[in-house]
Amino acid sequence: MQFSSYQDLREKLLAREVSCQAVVSEYLQRIAAARDSNIYISVFEQEALERARELDRKLENGEAPGRLFGLPMAIKDNISIKGAGLTCASKILQGYTAVYDATVISRLQDEDAVFLGKVNMDEFAMGSSNENSSFGPVSNPYDESKVPGGSSGGSAAAVAAGLAMVALGSDTGGSVRQPAGFCNVIGLKPTYGRISRYGLVAFGSSFDQIGVLASHAADAAEVLGVIAGYDECDSTSSHHDVGEYTALMKDVSFNGLRVGVPKEYFPESLNGEVKDVVRARLADMEAAGAELVEITLPESDYAIAAYYILTTAEASSNLARFDGARYGYRSEHAENLTDMYVNSRTEGFGDEVKRRIMLGTYVLSAGYYDTYYKKAQQVRRVFLDRYREALADVDIIAGPTSPFPPFGIGSKMDDPLEMYLADVFTVPASIAGIPALSVPAGFDSSGLPVGMQLIGNFFDEGRLLGVAGALQAAAGN
């Protein structure tokens with residue numbers, strides 16, 4: 001049972017050519033057969049089938065179908081679904097069950113989406129490879145010896161492997177876009193505040209955004225149109241009007257499109273095959289009528305340093321609540337309250353999470369706050385100004401999603417700094433809070449996917465999705 005897109009699935013469902021129950025059963029069978037890939041942490045088998053039967057009855061009764069009627073979805077396991085486990089792929093949340101629905105979950109349910117289960121991730125969304133998980137690493141569907149990227153590696157792999165039609169992930173510094181690039185799917189990080197964070201477990205609160213992963217840009221647009229918009233439960237969510245993203249996509253043309261190409265996104269250290277693939281897609285855009293404009297973003301070298309100072313500082317604060325006292329894992333090796341706190345966190349958190357908590361506590365400490373944290377905030381403002389200036393002259397900015405193709409499982413685990421460089425091209429958009437997405441650009445000589453990142457101005461998701469959709473159409477996808 002194959003469908004070219006959600007629109008194709010929807011048409012067949014509404015024409016009664018196929019039932020929701022049959023579609024969900026097919027996906028559940030695929031998930032069961034792919035258990036060794038370690039993509040799903042939990043599968044909602046009975047719940048998904050009952051939901052599918054409910055939707056079939058809805059159609060039989062002549063009730064109007066929702067905008068996402070029967071859409072099979074995977075949810076990253078840092079997004080709250082009432083009554084389901086919420087682990088963030090961490091031992092510290094062992095046994096915890098969510099007590100409320102995230103806003104995005106409520107909105108998706110209201111429009112008749114079907115949740116297949118929760119997918120794997122880097123612990124508390126901290127990582128670029130999906131290896132920092134208490135459930136073990138996820139395999140890349142294109143090569144099981146390679147990582148799928150992170151932290152939303154499970155979400156990207158689920159879509160790429162056909163184990164969900166669309167997935168939700170979260171993006172703090174590239175955690176939707178980088179795995180999307182590694183797994184040959186669309187990965188959208190919206191403008192900060194475009195989607196409510198209510199029900200998303202916090203890592204870096206001023207960076208975190210729920211994002212969408214899909215095989216087709218149009219599918220991502222459909223989901224974004226449902227989950228975007230102001231939420232009174234999230235004071236950082238925006239009142240900005242939600243666009244008709246599918247319609248906005250159709251208004252996009254390469255003809256006359258000004259595409260900024262930062263020279264800093266093509267350094268000498270960039271993998272040669274990644275460079276060639278992305279340059280080829282840029283050439284295709286130019287041949288179709290786009291104008292390539294070389295631009296410069298001179299502060300780009302400071303992106304990784306500023307990002308990790310700011311996000312680790314926020315993480316050290318956000319993760320203080322996980323102490324073994326109220327929920328989740330509690331150490332059995334404690335003789336007093338202090339031991340209980342220390343041992344629970346020591347045993348419950350993985351190495352990468354501990355590393356970031358310690359770094360964040362350090363940069364916020366007396367004597368170092370001004371030197372590190374305050375300076376990083378100033379750099380953040382510079383990034384915002386530079387990208388605003390650039391996007392005043394061009395329509396979008398384009399470049400590689402990652403400086404290298406998917407790498408081997410375990411190959412970078414002993415070198416955290418090398419791992420952090422996987423996000424060198426994605427963190428600037430996160431620092432500035434502007435929307436960005438990764439679109440499949442092609443493959444290297446080993447058959448591994450290469451992604452191209454598109455960056456737009458505030459709330460210009462429709463244009464980004466339109467460009468991505470046009471690129472996919474030109475490639476025959």
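**Figure 1. Overall view of the predicted model and its surface.** The protein exposes about 18,400 Å², and carbon and sulfur atoms supply 48% of that area; the structure shown here is a predicted model, and the legends that follow should be read with this in mind. The fold contains 16 helices and eleven strands, and its C-alpha atoms fill a box of roughly 65 × 55 × 45 Å along the principal axes. A compact globule of 477 residues would have a radius of gyration near 23 Å, and the 21 Å found for the protein agrees with this. Of the 477 residues, 58% are buried, and among the contacts between residues at least 6 apart in sequence, 74% join residues at least 24 apart. The protein carries 41 positive and 62 negative charges, whose mean positions are 3 Å apart.

Figure 2. Helix α4 spans residues 103–110, and its buried residues are Thr103, Val104, Ile105, Arg107 and Leu108. Just after α4, the chain passes through Asp112, which takes a positive phi of about 75 degrees.

**Figure 3. The largest nonpolar core and a second, separate core.** The largest nonpolar core holds 145 residues, of which Phe124, Leu168, Met285 and Leu454 touch the most other members. Helix α10 (residues 303–318) gives this core its largest share, nine residues. A second, separate core is made of six residues, including Val147, Phe182, Phe404 and Phe407.

Figure 4. Most residues other than glycine have a negative phi, and most peptide bonds are trans. The peptide bond that joins Gly150 and Ser151 is cis, with omega about 5 degrees, and Ser151 is found in the loop between β3 and α5 (153–160). Asn130 also has its place in the loop between β3 and α5, and its phi is near 60 degrees, a positive value in a residue other than glycine. With a relative accessible area of 0%, Asn130 is buried.

Figure 5. Asn78 has its place in the loop between β2 and α4 and is buried, with a relative accessible area of 1%. Not counting residues up to four places away in sequence, Asn78 touches Leu86, Cys88, Met121, Ala125, Ser170, Gly199, Leu200 and Val201.

**Figure 6. Val43 in strand β1.** Val43 is found in strand β1, which covers residues 40–43, and it is partly exposed, with a relative accessible area of 39%. When residues up to four places away in sequence are not counted, Val43 touches Leu28, Ile31, Leu116 and Gly117. The C-alpha atoms of Val43 and Val119 are separated by 8.5 Å, although the two residues lie 76 residues apart along the chain.

**Figure 7. Glu461 in helix α16.** Glu461 is found in helix α16 (residues 461–474), and at 0% relative accessibility it counts as buried. Its contacts, not counting residues up to four places away in sequence, are Leu188, Pro190, Thr191, Arg194, Leu224, Tyr245 and Pro435. For Glu461 and Arg381, which are 80 residues apart along the chain, the C-alpha atoms are separated by 22 Å.

Notes. Residues numbered from 1 in each chain as written. Predicted model: local features only at pLDDT ≥ 70, side-chain atom pairs only at ≥ 80, totals over all residues. Heavy atoms only, no water. Helix = DSSP H or I, 4+ residues; strand = E, 2+ residues; numbered from the N terminus. Rg over C-alpha atoms; globule rule 2.2 N^0.38 Å. Buried < 20%, exposed > 50% of the residue type's maximum accessible area, 1.4 Å probe, protein only. Contact = heavy atoms within 4.5 Å. Areas by Shrake-Rupley, 256 points an atom, 1.4 Å probe, with all protein chains shown as cover. Lys, Arg positive; Asp, Glu negative; His and termini not counted. Charge placed at Lys NZ, Arg CZ, Asp CG, Glu CD. Core = buried A, V, L, I, M, F, W, Y, C linked by side-chain atoms within 4.5 Å.
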